[in-house]
Amino acid sequence: MSMLTPILNPLTLPNGAVLKNRLVMAPMTTCTGFYDGTVTSELVEYYRVRAGSIGTVIVECCYIDNRGPAFPGAIAIDSDNKIHGLAKIAHAIKSQGSKAILQIYHGGRMVEPALIGGKTPVAPSAIAAPREGATTPQALTAEDVETMITKFGDAVNRAIKAGFDGVEIHGANTYLIQQFFSPNSNQRTDQWGGDRDQRARFPLAVLDITHQMAERFASPSFIIGYRFSPEEIEVPGIRFDDTIYLLDKLAERGLDYVHFSVGSLLRPSIVDTQDPTPLIKKFLAMRSARLAKIPVIGVGGVVNKSDAEMALESGYDLVAVGKACIAYPDWTDRIIKNDPLELYIDSNKREALTIPEPLWRFSLVDAMIREVGATGRKYKAGVYQEKVEEEALKLKINVTLDTDRITDISLVPDDSLDIDFTSTFESLRERILVANSPHVDAITGATTQSEALKKAVSRALTTSSKEHVIEEGGNPNAPVNYDVVIIGSGGAGLAAAIQAHDEGAHVVVIEKMPVIGGNTMKASIGMNAAETRYQQQKGIEDSKELFYQETLKGGKNKNNPALLREFINLAPEAIDWLAERGIELSDITITGGMSVDRTHRPEDRTAVGGFLISGLVKNINQRDIEVLLETSVSEILLENGAVSGVKVVDEYNDSRILNAKSVIVATGGFSANREMVLQYRPELDGYVTTNHKGATGSGISMLQKIGADTVDMSEIQLHPTVEQTTSYLVSESIRGGGAILVSQRGERFFNEMETRDKVSAEIIALPEKNAWIIFDDQVRRNNKASDEYIAKGFVISAATSAELAVKLNIVPETLQSTLDRFNQFVEQQYDDDFGRKTALRHPLNQGPYYAILVSPGVHHTMGGVTINTDTAVLDTHKQVINGAWAAGEVAGGIHGGNRIGGNAVADIIVFGIKSGRNAAIYAKNHP
Ligand code: ADP
C-alpha cells in the first residue's frame, strides 16, 4: 500500500530516526492551556485522536519562560511542574503510533503585557514591533541572554523527560529567536548583535544547547528540527539569502529537518513581489550540499491527497497539514482512501471531532464552521430559481436546498456575465455556503452586486419555507409562535437577539430593508466606555463618574439620570460581551465633549459600524437565528393589557401574525422621516440627513399606538461635518485624529472638539454656512475612514498646503498661518484661540494635505419612547407596558439635549443586551 503514493513512504532522518510516512500534523495554536500554561485534559484528547496514521505530530508551541507566552491559553514548559501534563500529550500521541515532537519558543517582543501580569516583554533591543499599539520591550542584558539560552536548554531537558521524540526550535513568526536574527529587531552592539554572523549567534546557541541536552539525556534518535520564517517585509529585515545563510550554519551544527513557516506551499517572496518563483524552488537552488542533506517540511493549504503529493513533487521531503487535521482527526486515513475533502466543520460536530472549546472559537477554526440546521428551520428540498436585478445586473441563479440547508448556488448561464462578476459570485457563494446563510459580508468593492445576490438567496429560502409549510398541510400565512420578536436589525436588534437566544428564547429578527444593519452600518467612530480592560492595558486613566459628568454636560443636563447611570455602568461589560463574541474594539480614540480617550474601535481603526454588524451577524448565523428581510412590522398586538405579538407584511404583501410574549422594538430613530423631523423642528427644513432610508421612526408610532409615552422628541442632533452632495458623514475620528475646521477665509473659527450641537451652530453662523475640514497625511494614515472619503471622490488634495489653498480658493498665506498657529498650539498642547484641549495629536505638516467641504446634517434623534432601566416601555402614567421593550435610538432620554459621538454605539449594545435578557426572562415566566 505504501508504495502507491510517495506520501506514505517512510523517511530516515539524518540522526537515524525513521518517520513512517511523509505526513506531519503542523503545530497549531489551540489556546487550550490553563491560565498558567499547564496542559488540559481536553488538549490531551485532541492530540490523541489526531495521532495514529499520520507519521508525526508536532505539538503546538510551548513557551520556555514565564515572559514568553504570545497568546492566551498558550501551553508552557517553563518549569518542572509542566512535565507531567506534557507527558500525557507525548504518551497519547506515541501510543497511537505517531512520533511526537514538541515545538518550543519564546514570544519576545510579540508578547502582550496583559499575558504576563502586566510586565514589560523582553527582546534583543528595546524596539517595539512595527504594529499599532505594540509595547516597547525591555532589552535583554548580555547576562539575560545567557540565561535565556539556559532556559531553552532546560525546556529541551523537560521535553525529553516528558517522553517526546524530539523538539522543534521555533525560529519563526517573529518570535524571540527570529528577533535575534533580524536586523530590524536586533540592534544590539554587544556580541549578540551586529552583522549577520553576530545576529546568528543566538539561534545557533539555542541549537547548541539543544544538542547538549539531547546528548546527555536522550537517545541518539532524538529529533531536532528548526522552523523558520523565510523573510521579513520590514526594512531592514531578514531576506531570503539571510535565511539560507542561517539554515546552512544550523545545518553545520546538525539538524534533522527544517520547517518552512508560510501560508501556502508555493508561496513566492513577500519582499520581491515582482518575482513569482515559489520560495521552495529558490531554496532548492540556493542551498548548500550540507543543507541539502537535511529534509525540509512544507506547509500551507494541504487538504487533499493531491495537495500532499504536489508538495513532494515541488521538492519538499515532508508535508505538514494544519486545518485539515483539525477538521478531520482521521485525515490520513481519509486521504489514503482518496476521499475528496472540503475544509468545512459542521457546527454540531465540535464534540464528535474532539475540538477543544477555545480552539473552536479561534478564528482559524471559526472560519471553517458550517452551520447545520440547529433550530430546525425546514425547507422543501429542490432547486429554486431566482432573479437578480440590480442596476446593470440582470441574471438568474439556482439555489439548491436540502430540507435543512443550502447545498449549492449556481449561475444560470448567460452571455452577459463578465469575469469580474463571476469571481464576485464565486467568493460570495463560498461565504454563503460556509455560513449556510445569505447573511454574510458583502464582497469588498462589489457591495451592490453582493446585496442583490444575497437578496435572491433569501427569497429562495422564503419561498421554499413557505412551500414546506404547504407540503406539510399547513398555511404559510398562519400565525407562528416565538418567545421574543425583535423589530429592527441594527446593532440594538442584533445584540438583543443574540442575548435573548442565549437565554434560551426562540427568537426572530424582523427587518423591513433588504439588508441587515440599519443605520448602525453607518456608525463611524466607535463605542464609548470608561474603566475598560483595554483602557487599562493602554494605561488610560478614566472613571465612570467622569464619563457620566461629561455626558451629562454634553447632553445639557437633560439626560435621564437613571438611564444614564445604567448606561455608564454597563458600558465596560458591553465591551467585554462583544469581545467574547469575537468583536474586539481594542483601539481607543476620543470624541468631542470628552476629556479622555474612551472611544473604543477596531484594532485596525476602520469604521466601527460595518465591523460591528459583520461580527454580530456572524453570531446570528452561528446560532441559526432567523432574520426575515424585506418584512415590515405594521402593528404591535396587545391582548389583555400585555403584548401578544406583531403583525408583519412581507415583500409579496403577504401579512401574518407572529405570536410572542415579548417584543423588542429596536427600529432606530427618525432622522430620515422629513415630516416627523419638521413636526418637531420646523427650522430644519432643507437639511440633508446622514441616515439610511429605514430611519423612519415607525417603532415610535407603533409603540405610541399601544400607549407608550415619548420624551425629548424635539431634541434632534445635527452632525457638523456632512458632505452635502453625498450626505456622507465625515467621521469625528478625523477631527479626533487631529484635523481642523477652517472657514472660506482660511481661518479656524471654533474649538473643533466641542460637542456636535455647538460646532454645528458655529458652521451655520458662518456666511457660507459651510466649512473646510483640513488634515494632513498623518491624520489620513491613522484613520482608515479618510481613504473611503478619498475613494468617494469628495476629498480635495494637494502636495503642499499652498497648493491646497489655491484649490480651495483660499489665500495661501492665510491657510499657512492658520496651520502654523495651530501647530504651535499642538506643540504647547493648548489652543490659545479657541481653548481646544484634546486631539492636539501632531502638527499638521506632512503632505499631501486634504480638504472636504462640510455642513451640518440631521444625524440623530435623541428623543423617543420612554423606557425604564430594564428597557421596559413606559406608558403616559409611567407604568410598564407588559411585554414591550425598546432599545437603541428608538428610546429617548439617555442622551438628553445632545448626543456625544461614540455614545450611540454604546447605547445600542448596552441596552440591546439588556432588552434581550429581560425580554427572554419575561417570556419564560409568562408561558
Ligand atoms: P439602532 O442604532 O437603534 O440599532 P438602526 O437604525 O441601526 O437602530 O436599526 C434599526 C433597524 O430597524 C433599521 O434597519 C430599520 O430598517 C429597521 N426598522 C425600522 N422600522 C421597522 C419596521 N417597522 N419593521 C421592521 N424593521 C424596521
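**Exercise 1. Ser269 and its surroundings**

Work out whether Ser269 is buried or exposed, and find which side chain makes a polar contact with the side chain of Ser269.

*Solution.* 
Step 1: Ser269 has a relative accessible area of 7%. Buried means under 20% relative accessible area, exposed over 50%, and partly exposed in between, with a 1.4 Å probe and protein chains only. Ser269 is therefore buried.

Step 2: Before going on, note that this is a predicted model, in which local features need pLDDT of at least 70 and side-chain atom pairs count only at pLDDT 80 or more, while totals for chains, interfaces and linings use all residues. Residues are numbered from 1 along each chain as its sequence is written, and side-chain values use heavy atoms, with hydrogens and water left out.

Step 3: Ser269 sits in the loop between strand S11 (257–260) and helix H8 (279–286). Helices (H or I, at least four residues) and strands (E, at least two) are DSSP runs, numbered from the N terminus.

Step 4: Look for partners. The side chain of Ser269 makes a polar contact with the side chain of Glu231 at 2.6 Å, and it reaches the backbone nitrogen of Asp272 at 2.8 Å. A polar contact is a pair of N or O atoms within 3.5 Å; within protein, one must be able to donate a hydrogen and the other to accept it, and residues adjacent in sequence count only if both atoms are side-chain atoms.

**Exercise 2. The shell around the ligand**

Find how many residues surround the ligand and how they divide into nonpolar, polar and charged.

*Solution.* 
Step 1: The ligand is surrounded by 27 residues, and the closest are Glu511, Gly518, Thr520, Ser698 and Glu889. A residue counts here if one of its heavy atoms lies within 4 Å of the molecule.

Step 2: Sort the shell. It divides into eight nonpolar, 16 polar and three charged residues. Ala, Val, Leu, Ile, Met, Phe, Trp, Tyr, Cys and Pro count as nonpolar, Asp, Glu, Lys and Arg as charged, and the others, Gly among them, as polar.

Step 3: Check some atom pairs. A ligand nitrogen atom is 2.8 Å from an N or O atom in the side chain of Ser698, and a ligand oxygen atom is 2.9 Å from a polar backbone atom of Glu889.

**Exercise 3. Two cis peptide bonds**

Find which residue is joined to Pro236 by a cis peptide bond, and which to Pro848.

*Solution.* 
Step 1: Val235 is joined to Pro236 by a cis bond with omega of about -10°. Pro236 belongs to the loop between strand S10 (223–228) and helix H7 (240–253).

Step 2: The bond from Gly847 to Pro848 is also cis, with omega near -5°. Pro848 is in the loop between helix H29 (812–828) and strand S36 (849–861).

Step 3: For background, most peptide bonds are trans.

**Exercise 4. Strand S34**

Find how many residues of strand S34 are buried and which strand S34 joins over six bridges.

*Solution.* 
Step 1: In S34 (residues 771–776), six of its six residues are buried.

Step 2: Ala771, Ile773 and Phe775 point one way, while Trp772, Ile774 and Asp776 point the other way.

Step 3: Six bridges join S34 to S36, and the two run antiparallel. Two strands pair if DSSP finds at least two bridges between them.
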